[in-house]
Amino acid sequence: MTLSEFQQLVTTLAADGEKLIDAATTASSLEDARTSLLGRKSGRLPELFKQLPSLAPEELREGGSLINAVKAKLEARLEDRRRQLDAASSSKRNVDLTMPARRQWQGSKHPVTLVIEEIEEIFRELGFTIALGPEAETEWYNFTSLNFPPDHPALDLHDTLYLGENVMLRTHTSPVQIRTMQKFKPPIRILSPGNAYRRDFFDASHAPMFAQIEGLAIDDGVSFVDLKATLTHFANQFFGKTKTRFRPSYFPFTEPSAEMDVECQLCHGSGCPGCKGTGWMEILGSGMVHPSVINAAGLDADRYTGWAFGMGPARIAMLRYDIPDIRILYDSDVRFLYQISR
Ligand SMILES: [Zn+2]
């Protein structure tokens with residue numbers, strides 16, 4: 001074979017190869033093209049290599065460089081085409097308008113947190129400060145100092161989560177009253193939000209861990225009038241202008257004691273299933289601090305009087321947002337929480 005004949009074959013292979021590569025529209029048809037051109041077994045280029053020895057010895061060098069050049073050219077062309085096909089398939093993915101959009105969730109405060117913050121703000125304007133206490137308490141702080149008799153059912157293992165001999169998870173935030181009176185001299189006006197624990201069943205209106213807010217005011221000459229005026233002011237601030245009523249009640253640590261109701265926020269007093277037809281909803285327990293509680297904390301009950309209240313922010317949140325089951329508040333279902341919290 002003459003060099004010009006060989007050159008002709010190389011030129012034809014280059015032209016055919018480029019056409020074949022450009023015509024490939026998928027990764028697998030491109031691979032087929034590569035195999036038919038460069039494939040070790042029967043590719044056209046290796047076949048051409050086999051014809052090199054038929055050239056005259058002085059033409060071998062030039063024939064070899066011709067065929068090596070076309071080999072490099074075809075390999076580069078294959079690589080270019082592979083990149084083009086990759087880019088085309090990924091840009092197709094990017095513009096798929098049928099893909100559902102991904103929802104962006106924004107962090108937000110829990111409904112119970114929102115309620116606690118709002119209550120804090122109302123009392124802060126009245127001069128109350130925030131006081132916190134430990135969640136693990138001794139029997140003395142949780143019960144004895146608060147005037148619970150030793151045979152009170154709350155001390156029973158069935159109701160209280162004991163951590164040890166004399167240590168328990170506090171069953172209410174009231175121990176903070178004692179700790180505050182031990183630390184500060186009157187006048188005292190504190191609000192104490194925090195978690196409390198009871199061995200309740202987890203049902204529609206009870207949870208074993210629940211938030212509570214406790215309030216305490218101690219000073220010379222504080223009376224039930226102060227209690228009633230302050231809590232009525234709170235109800236009107238929180239729920240908007242609303243009717244309130246106080247019902248006599250009993251707590252070991254207050255005397256006299258009263259529960260406060262607000263007009264049912266669902267039916268506005270006419271009676272509905274939400275308020276069991278009464279037109280009222282209980283929101284808190286309150287009373288004048290029992291003299292033996294004041295004395296137990298180390299203050300002089302002959303000189304100082306005071307009042308206290310406690311309420312459950314989860315219950316308040318249920319009333320405000322019309323939530324039928326307390327467990328919804330603890331299920332961490334963001335679809336629900338997001339509706340309220342934004
Ligand atoms: Zn009602």
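Reply: In the largest nonpolar core, which has 56 residues, I218, V289 and A314 touch the most other members; such a core is a set of buried Ala, Val, Leu, Ile, Met, Phe, Trp, Tyr and Cys residues joined through C-beta atoms within 7 Å. The largest share of this core, six residues, is supplied by strand β5 (residues 209-220), where strands (E, at least two residues) and helices (H or I, at least four) are DSSP runs numbered from the N terminus. This is a predicted model, in which local features need pLDDT of at least 70 and side-chain atom pairs count only at pLDDT 80 or more, while totals for chains, interfaces and linings use all residues. Residues are numbered from 1 along each chain as its sequence is written.

Because nine of its twelve residues are buried, β5 is largely enclosed by the rest of the structure; buried means that 20 or more other C-beta atoms lie within 10 Å of a residue's own, with C-beta atoms placed from the backbone. Leaving aside neighbours within four places in sequence, I218 has contacts (C-beta atoms, placed from the backbone, within 7 Å) that include M181, I188, V289 and Y304.

β5 runs antiparallel to strand β4 (residues 188-197), joined to it by ten bridges, and I188 stands opposite I218; strands pair if DSSP finds at least two bridges between them. With strand β9 (residues 304-311), β5 also pairs in the antiparallel sense, over eight bridges, and there L216 has A308 as its bridge partner.

In helix α7 (residues 175-183), the buried residues include V176, I178 and M181, and β4, β5 and β9 are among the elements that cover the buried residues of α7.

Technical notes:
Contact = placed C-beta atoms within 7 Å.
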